[in-house]
Amino acid sequence: MRSGVRYTPALAVALVALLVAAGVSAWVLGGRMFEGVAPSGAPGTPPMSGAGPSQVELSADAENHPLSEAVRSQLQRYFDAINSRDYDLWAVSVVPERVAQQPREQWIASIDTAADGTIRVDRIDDVGGGRVLAMVRFVSTQSLEDAPPDLRVPRICWRGAFPMVGDPPRLETGSAGSLLSEPC
């Protein structure tokens, strides 16, 4: 004598009905937008136009790093310098080698029409030797003539790895490919 579940026609019909109901529900709900509040650590969406607010924000993950406030403060100086065309402020937010590579006139010409905003530090990683790597996203606007040659659009969403060193941590010269960009 076997024990167990007996499959009857009524049970089979109930299982099929349950599967059909689940499939229809998934299909109907799959195309719907859900409203509500995003988790506190979720990144904001870029604004519909312009660069957005210029305050540097930290994700919940970045806030947990011991240098989070120092990194945020230096990045705030860096972006404030760009937005206000203040070379001297920029020069104290980056390492001296970077200042030497980009004299005042060259730097001002490179950011002539740029405005940066919606700035968020997603993560801060220790990379050894007193260095950290800040994973940053931001939106920039600029005239088409000042846009990167491979992305001639007025508004760009950037994601990048910003190496920083020292106390306070200053931005080093980034490596090629450390910034990803797309129109937004």
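**Figure 1. Helix α3 and the residue that follows the helix.** Arg85 comes directly after α3 and has a positive phi, near 60°. The model shown here is predicted: local features need pLDDT of at least 70, side-chain atom pairs count only at pLDDT 80 or more, and totals for chains, interfaces and linings use all residues. Residues are numbered from 1 along each chain as its sequence is written, and side-chain values use heavy atoms, with hydrogens and water left out. Helices (H or I, at least four residues) and strands (E, at least two) are DSSP runs, numbered from the N terminus. Helix α3 covers residues 68-84, and its 17 residues should span 24 Å at 1.5 Å a residue; the expected span is 1.5 Å times one less than the number of residues. The end C-alpha atoms of α3 are 24 Å apart, which agrees with that expectation. Buried residues of α3 include Ser68, Val71, Gln74 and Leu75, and also Tyr78, Phe79 and Ile82. Here buried means under 20% relative accessible area, exposed means over 50%, and partly exposed lies in between (1.4 Å probe, protein chains only).

**Figure 2. The largest nonpolar core.** A nonpolar core is a set of buried Ala, Val, Leu, Ile, Met, Phe, Trp, Tyr and Cys residues joined through side-chain atoms within 4.5 Å. The largest such core has 30 residues, of which Leu75, Phe79, Val121, Val136 and Phe162 touch the most other members. At least two residues of this core come from each of β1 (56-58), α3, α4 (87-91), β2, β3 and β4 (155-165). Helix α3 gives the most to this core, with six residues. Leaving aside residues up to four places away in sequence, Leu75 touches Val56, Val121, Ala134, Val136, Phe162, Met164 and Leu171, where contact means heavy atoms within 4.5 Å.

**Figure 3. Aromatic pairs around Phe162.** The structure holds eight aromatic pairs. Rings of Phe, Tyr and Trp (its six-membered ring) pair if their centres lie within 6.5 Å; planes under 30 degrees apart count as stacked, over 60 as edge-to-face and the rest as tilted. Tyr78 and Phe162 form an edge-to-face pair, with 6.3 Å from centre to centre and 85° between the planes. Because Tyr78 lies in helix α3 and Phe162 in strand β4, this pair ties together parts that are 84 residues apart in sequence. Tyr78 is buried, with a relative accessible area of 10%, and Phe162 is buried as well, at 8%. Phe138 and Phe162 also form an edge-to-face pair, at 6.4 Å centre to centre and 80° between the planes. This second pair links distant parts of the chain, with Phe138 in strand β3 and Phe162 in strand β4, 24 residues apart. Phe138 counts as buried, at 9% relative accessibility. Ring pairs link Tyr78, Phe79, Phe138, Trp158 and Phe162 into a cluster.

Figure 4. Side chains of opposite charge can pair when their charged atoms come close. A salt bridge is a side-chain nitrogen of Lys or Arg within 4 Å of a carboxyl oxygen of Asp or Glu, and the structure holds six of them. Arg120 forms a salt bridge with Asp122, their closest N and O atoms being 2.7 Å apart. Arg120 is buried, with a relative accessible area of 8%. Arg137 and Asp122 meet in a salt bridge too, at 2.7 Å from N to O. The latter pair links distant parts of the chain: Arg137 belongs to strand β3 (residues 131-141) and Asp122 to strand β2 (residues 115-128), 15 residues apart. Arg137 counts as partly exposed, at 29% relative accessibility. A further salt bridge joins the side chains of Arg123 and Asp125 (2.9 Å, N to O). Arg123 is partly exposed at 35% relative accessibility, and Asp125 is partly exposed with a relative accessible area of 25%. Through salt bridges that share partners, Arg120, Asp122 and Arg137 are joined into one network.

**Figure 5. The disulfide of Cys157 and Cys184.** The structure holds one disulfide, a term that denotes a pair of cysteine sulfur atoms within 2.5 Å. This disulfide joins Cys157 to Cys184, with 2.3 Å from S to S. The link of Cys157 and Cys184 is right-handed, with 100° about the S-S bond. Cys157 lies in strand β4 and Cys184 in the segment after β6 (179-183), so the pair ties together parts that are 27 residues apart in sequence. Cys157 counts as buried at 14% relative accessibility, whereas Cys184 counts as partly exposed at 32%.
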